[in-house]
Amino acid sequence: MTCSSTELTPDWAPAVIDALYAEAFQSELETAGVLVGRPTDYGAPQISALIPAVRAQTSGQRALLSHQAWAYVHETMGRHYPGEEIVGWYRSRPGGTELATEDLANHLRFFPQPWHVAFLFDATAHRGAVYAMRDGALTVLHQGRVTPRTVPPAPPEAVPWRAMAVLAVLGLVLGAVLWLAASAAGLM
C-alpha cells in the first residue's frame, strides 16, 4: 500500500494481515469486524488480532456491525482479549475503498479516538485504504494494492521407508528363527 499522508500508520502483526486477507479473499461477499490491540503514545495502534463479526449472506447485501455483531465482539473480547482494546474496524466489499455514509457514521459513533483506524478493502480489485481521524476528519493514511502473502504449503510427511525396510527384515529374521526353533523342537 502506498502512503498518502505523513501520519503514522498502524503496526500490524503479520498474522493479523494474513488472517484479514484470508477472511476477505475467501469470497466476494462483504465481511466486517473489529481490530484488536493497543493504542500507543505515538498515535497509531498496534494491531494484534481481529474478530470477524459479520459476513453478508448474498451478493449485494451489506456487512454492517449490528447489535448481534457487537454482542459477539464483546463476548469474544472478554474471553480471548481481556487485556486489549478494540482499536478499529475493517470491512471488505467489492466496488471500492471509499467511505460510504454509514461507514463514516459508524466510525464517528463507535471509533471516535484519534488512534482508532478503519481498514476498507475491495477483495475483487485487491485494493485497500486505511483511515483515521485527523484534524476532525476521517483521513486516508494509506491506500493502494493489497496482495495476500502466498505461504508455501508444508511438504508432505515423508514415508520412513528405511525404517520400514529394517522392521521388515527384522520380522523376516525373527520369523525364520522362530520357525527353525519350532522345527528343532518338533513342534512343526
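Reader: Which residue in E8 is the bridge partner of Tyr131?
Author: Val140 is the partner of Tyr131 there. Strands here are DSSP runs of E with at least two residues, helices are runs of H or I with at least four residues, and both are numbered from the N terminus.

Reader: What kind of model is this?
Author: A predicted one, where local features need pLDDT of at least 70, side-chain atom pairs count only at pLDDT 80 or more, and totals for chains, interfaces and linings use all residues. Numbering runs from 1 along each chain as its sequence is written, and side-chain values use heavy atoms, without hydrogens or water.

Reader: Back to E8. How many bridges join it to E7?
Author: Eight, between E7 (residues 127–134) and E8 (residues 137–145), and the two strands run antiparallel. Pairing of strands requires at least two DSSP bridges between them.

Reader: What about the turn? Which residue has a positive phi in that hairpin?
Author: Asp135, with phi near 55 degrees. The hairpin has two residues between its strands.

Reader: New topic. How many aromatic pairs are there?
Author: Six, from a search of the whole structure. A pair means Phe, Tyr or Trp rings (the six-membered one for Trp) with centres within 6.5 Å; planes under 30 degrees apart are stacked, over 60 edge-to-face, and the rest tilted.

Reader: Why is the pair of Trp89 and Phe111 called tilted?
Author: Because their planes are at 35 degrees, with the ring centres 6.3 Å apart.

Reader: Which parts does that pair tie together?
Author: Trp89 is in strand E5 (residues 85–92), while Phe111 is in the loop between helix H3 (101–110) and strand E6 (117–122), so the pair connects parts 22 residues apart in sequence.

Reader: Is Trp89 buried or exposed?
Author: Buried, at 5% relative accessibility. Buried means under 20% relative accessible area, exposed over 50%, and partly exposed in between, with a 1.4 Å probe and protein chains only. Phe111 is buried as well, at 2%.

Reader: Which aromatics form a cluster?
Author: Trp12, Tyr21, Phe119 and Phe121, linked by ring pairs.

Reader: Where is Gln61?
Author: In the loop between strand E4 (46–55) and helix H2 (67–80). Gln61 is partly exposed, at 34% relative accessible area.

Reader: What does Gln61 touch?
Author: Glu30 and Ala56, leaving out residues up to four places away in sequence. A contact is heavy atoms within 4.5 Å. The C-alpha atoms of Gln61 and Ile86 are separated by 25 Å, and these two residues are 25 apart along the chain.

Reader: Last one. Is Leu167 buried or exposed?
Author: Exposed, at 60% relative accessibility. Leu167 belongs to helix H4 (residues 161–184).
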